[in-house]
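Hello,

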Amino acid sequence: MEIKILDTQKIDEEVANLFIETINNKPNCILGLATGSSPLGVYALLVKACKENKVSFKQVKTFNLDEYVGLDGNHNQSYRYFMNHNLFDHIDIDKNNTRVPSGLNMTNETAKQYDKEIEKAGGIDLQILGIGSNGHIAFNEPGTPLDSLTHIVTLDESTRKDNARFFNSIDEVPTHAVSMGLASIMKAKKIVLIATGPKKAKAIKALVEGDVTSSLPVSVLKNHPDATIYVDFEAASLLNK
Ligand code: F6R
C-alpha cells in the first residue's frame, strides 16, 4: 500500500489521469465506483475529459460499491441518482453498462449475485474508494469480516450522522445498506482511495500506524498488491512527521 500526501486539486488530477489512462489502454475496462464527496472532483475532471474527447466511456462497464436499502433509484439521495447526476448523465457511457446494487428487495442471498456479476464481467480493473470517519470502506463498518462478500449492512450511528448532511434530518437517513464486502473490494486489480479533510485524520493515522484488523476495515488494503491512498494535508495532519 502506497501513501501519497498531496493537495486536494493534485489528488483529483492524479486520480482522474489514472482513470483516463486505464480507459485509453483498455477501452472495455471495468471500473469500480464510489459515491460521497471524495470522488466528486475526479468525476468532474472525467466529465471534462470526455467532453474534450480525451476519453470515451462507450465500452466501459461500471459497478458501484453500495446503495441504501429502501431507496428507489429515483430518490434524490439514492446512490443510483447520485451517479447519474454526477457522472453518467454527462459522459458517453451506455447506462445499461452501469450497475448500482439495488436497494429494493435485496437479501443477503441475492446480494451475492452482485459479486458473481462482477466476476462474469472480468473483474474490476480500477476501483475508487472514499473512507468513513470510522475507517469504513464502502459500507463495511468496523467489525465486518475481512472475507465478506456483498451483503446487507446495518449502518453505524457515526455513518448515519456523517451522511445526515444530505438529508433533511438524521431520521431520514436509512438504517441499512447493501454493500460490496471487503473481499469483493480486494479482488480489484488496482485500488485508489481518496481521504480529504480533518474528519478523516484519525482513521488515516490508525491505518498508517496500525495493523490489519476488522475493527478498522480500511486496513485490509494493506494486504492489496496495488493500492494507493491519496491523503490531503488535513487528513494527514495527525501522522508522525
Ligand atoms: C460511498 C461509500 C462510502 C464513502 C465514505 C466517505 O459509495 O462507499 O464508503 O466513500 O463514507 O464519504 P465521503 O466521501 O462523503 O466523505
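A backbone N or O atom of Gly130 lies 3.5 Å from an oxygen atom of the ligand, a polar contact in the sense of a pair of N or O atoms within 3.5 Å. The protein covers 94% of the 410 Å² of accessible area that the ligand has on its own (Shrake-Rupley, 1.4 Å probe).

This is a predicted model, where local features need pLDDT of at least 70, side-chain atom pairs count only at pLDDT 80 or more, and totals for chains, interfaces and linings use all residues. Residues are numbered from 1 along each chain as its sequence is written, and side-chain values use heavy atoms, with hydrogens and water left out.

14 residues surround the ligand (a heavy atom within 4 Å); the closest are Ser38, Asp66, His136, Ala138 and Lys200.

There are five aromatic pairs (Phe, Tyr or six-membered Trp rings with centres within 6.5 Å; stacked under 30 degrees, edge-to-face over 60, otherwise tilted). Phe63 and Tyr114 form an edge-to-face pair, 5.8 Å centre to centre with 80° between the planes.

Regards

Definitions and conventions: A polar contact is a pair of N or O atoms within 3.5 Å; within protein, one must be able to donate a hydrogen and the other to accept it, and residues adjacent in sequence count only if both atoms are side-chain atoms.
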